[in-house]
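Here is a set of exercises to work through with the model open beside you. Try each task before you read its solution.

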Amino acid sequence: MNKNELANKIRRIDGLTNGEKSALIELLRKQKKYGLVWEDKPEDVEERLREELPVLIEDTGKAIISEEADAPNHILIEGDNLEALTALAYTHEGQIDVIYIDPPYNTGNKDFVYNDQFVDKEDSYRHSKWLSFMSKRLHIAKQLLSDKGVIFISIDDNEQAQLKLLCDEILGENHFLAQLIWKKKQGGGNDSSYIVTEHEYVLCYGQNQTTLGLDKTYTLDDKLYPFSDDKGDFGLVTLDKASIQISNSLIYEIIGPDGKKYFPRIVKGKQSCWRWSKEKVKKQYDELVFKNGKVYTKYYRPKGVTPRSLLYDAKYGRTESGNDDIKAIFDSKPFGYPKPVLLIKHLISICTNEHKTILDFFAGSGTTLHATMQLNAEDGGHRQCILVTNNENNICEEVTYKRNKRVIQGYTTPKGEEVPGLTGNTLRYYKTDFISRDRTPRNMRALVAASTDLLCIKNDIYREAKLVGRNINPKIVRYFVEGDRSMLVIYDERVISAIAEILETVEPGKEKIKVYVFSAGSYAYDDEFEEVADKVELCALPDAIYQAYQKVLPKRRPKFLPEAIEEARQSKADENGIFHFTDGEAEV
């Protein structure tokens with residue numbers, strides 16, 4: 001008997017509620033003949049999402065705004081990453097190019113918390129809890145990846161085997177690219193009774209191997225890599241364009257092996273500076289090449305060489321260098337075993353395109369953003385980074401945020417060295433908030449009102465402006481502009497005709513104005529905007545948010561009939577006077 005026949009028999013069983021029948025059928029369909037099987041353990045945050053929708057609210061007091069007009073907007077989200085990923089399913093579905101995560105390794109030594117409890121080695125559901133935890137997040141991560149998206153996941157031997165099978169199932173066995181082996185220690189150690197463990201793994205999967213965004217050929221810019229030899233290509237240490245602030249601390253002499261003094265060049269009458277600080281030059285002097293009166297760096301990738309799976313050399317960083325990275329900023333170690341900037345820079349750099357969007361939803365100390373900003377400064381890229389972390393022990397505010405704030409604004413090392421800020425970056429801080437999933441008129445309006453920050457993130461437009469010089473009540477309409485791009489949010493549908501008339505006076509731009517309008521359904525008042533149809537791109541809210549969330553939210557529990565009737569009474573009747581209500585799955 002096949003599963004469909006069994007499911008039909010279950011449906012005909014007397015004495016079971018529809019909810020119980022559905023649960024049995026779901027269990028039946030989950031059974032596998034081959035693959036990773038575990039007992040799903042309910043997660044508190046998932047239960048909350050059955051009844052509430054997450055939104056993101058900006059803490060404007062923590063915003064660090066660059067004066068550079070084209071500075072990339074980086075996002076830091078404080079909250080549970082399942083909640084944040086759900087919100088990103090609306091703002092960034094199919095838009096993330098690189099995901100790097102360093103999840104809990106589930107060692108049993110207080111590194112993995114499930115439902116506010118540490119999971120120890122004696123927990124008989126230790127692996128099931130971890131797999132339940134990871135599977136929910138990886139399912140959403142897959143939806144966020146772009147067509148050329150790549151995901152990197154750091155892991156050690158505690159869950160490596162299980163993670164590989166889980167990723168094969170969720171991301172696709174045919175999408176597996178490599179299992180990188182990273183040498184995390186420089187020397188030996190005494191962390192094992194049998195064999196000293198000196199490495200960890202980085203699993204790598206691609207969204208679509210036919211359009212994969214992994215740089216396999218390393219086509220290099222002649223301006224950045226002016227010469228090659230048998231050891232590969234070499235990049236200038238001089239920073240000619242102001243990817244970062246030109247700082248006096250980066251203008252100093254470097255003495256070559258022959259005693260010759262080298263200074264940053266003067267390009268077209270403007271002083272340039274070194275990319276590297278004095279401390280880094282001293283520390284990595286052996287990596288420098290002196291040629292034709294210029295200074296270059298070794299270890300740039302040879303042309304035509306595919307990335308290697310063995311990350312053995314010190315240029316990929318060590319656990320100790322990760323500690324050094326954070327100690328230099330805080331003069332202490334506020335976070336245990338952060339990944340080194342060098343490792344994350346390497347992973348990002350082997351992905352093509354310098355305008356990528358990068359996501360880390362286990363952000364921890366914030367190394368991924370630090371690495372992104374540093375890489376942008378080195379190659380003139382415009383990568384944007386999104387970080388997500390909870391605020392347990394104030395980690396988000398006191399470590400993740402403060403670290404990257406200091407990287408942007410500059411800081412002084414414990415040795416007294418001034419490190420200039422990577423000022424060509426903007427950082428915005430958000431927290432998760434919630435709106436009831438019940439689709440009552442009040443909740444729908446509340447969701448639209450709370451969605452403005454989501455829309456700013458989605459469209460990368462943050463600067464609020466007047467609409468054609470007019471002062472309009474922000475509770476009714478808000479208008480945002482960024483260069484040639486603009487966005488209009490209409491919270492009260494009663495003003496649509498008036499807004500459409502105002503838009504008639506606007507000259508058509510290179511890009512249409514994105515107009516988000518409150519609507520009880522999917523109708524975006526197209527006829528009202530008919531006269532300006534060539535100027536606007538319409539979207540009905542909150543329907544677009546509901547549609548995106550429905551793909552990733554857990555199913556709601558069946559309602560008792562009295563609750564369902566009450567929800568129907570609060571809902572809006574359609575044009576035929578028929579009341580509709582929904583649990584996100586079916587309409588009644």
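Among contacts (heavy atoms within 4.5 Å) in the protein chain between residues at least 6 apart in sequence, 73% join residues at least 24 apart. The model is a predicted one, in which local features need pLDDT of at least 70 and side-chain atom pairs count only at pLDDT 80 or more, while totals for chains, interfaces and linings use all residues. Residues are numbered from 1 along each chain as its sequence is written, and side-chain values use heavy atoms, with hydrogens and water left out.

**Exercise 1. Find out how far the prediction can be trusted.**

Step 1. Start with pLDDT, the predictor's confidence in each residue, from 0 to 100. Its mean over the protein chain is 86, and 84% of the residues reach 70 or more.

Step 2. Look next at residues 217–225, where the pLDDT is below 50; this stretch has 24 contacts in the model beyond near neighbours in sequence. Residues 573–579 also have pLDDT below 50, with eight such contacts.

Step 3. Keep a caution in mind: where pLDDT is low, the predicted coordinates should not be read in detail.

**Exercise 2. Locate the nonpolar cores and say which residues have the most contacts inside the largest one.**

Step 1. A nonpolar core is a set of buried Ala, Val, Leu, Ile, Met, Phe, Trp, Tyr and Cys residues joined through side-chain atoms within 4.5 Å. The largest has 75 residues, and Tyr90, Leu138 and Leu359 have the most contacts inside it.

Step 2. Helix 5 (residues 126–144) is the top contributor to this core, giving eight residues.

Step 3. A second, separate core of 42 residues includes Leu76, Val150, Leu427 and Tyr429.

Step 4. Now trace the surroundings of Leu138. Apart from neighbours within four places in sequence, its contacts include Ile101, Ile151, Ile153, Leu163 and Leu166.

**Exercise 3. Describe the setting of Leu88.**

Step 1. Leu88 belongs to helix 4 and counts as buried because its relative accessibility is 1%.

Step 2. Setting aside neighbours within four places in sequence, Leu88 is in contact with Ile77, Glu93, Leu144, Leu359, Ile386 and Val388.

Step 3. Between the C-alpha atoms of Leu88 and Ile457 there are 9.1 Å in space, although the two are 369 residues apart in sequence.

**Exercise 4. Why is helix 15 described as largely enclosed?**

Step 1. Helix 15 (residues 543–550) has eight residues and six of them are buried, so the rest of the structure largely encloses this helix.

Step 2. The buried ones are Asp543, Ala544, Ile545, Tyr546, Ala548 and Tyr549.

Step 3. Their cover includes strand 1 (52–58), helix 4 (81–91), helix 12 (441–450), helix 13 (452–459) and strand 28 (536–541).

**Exercise 5. Classify two aromatic pairs.**

Step 1. Rings of Phe, Tyr and Trp (its six-membered ring) pair if their centres lie within 6.5 Å; planes under 30 degrees apart are stacked, over 60 edge-to-face, and the rest tilted. The structure holds ten such pairs.

Step 2. Tyr252 and Trp274 form a tilted pair, 6.4 Å centre to centre with 55° between the planes. Tyr252 lies in the loop between strand 11 (238–239) and strand 12 (254–255) and Trp274 in strand 16 (residues 273–274), so the pair ties together parts 22 residues apart in sequence. Trp274 is buried, with a relative accessible area of 2%.

Step 3. Tyr401 and Tyr429 make an edge-to-face pair, 5.4 Å centre to centre with 90° between the planes. This pair links helix 11 (residues 395–409), which holds Tyr401, with strand 24 (residues 426–436), which holds Tyr429. Both tyrosines, Tyr401 and Tyr429, are buried.

Conventions:
Buried < 20%, exposed > 50% of the residue type's maximum accessible area, 1.4 Å probe, protein only. Helix = DSSP H or I, 4+ residues; strand = E, 2+ residues; numbered from the N terminus.
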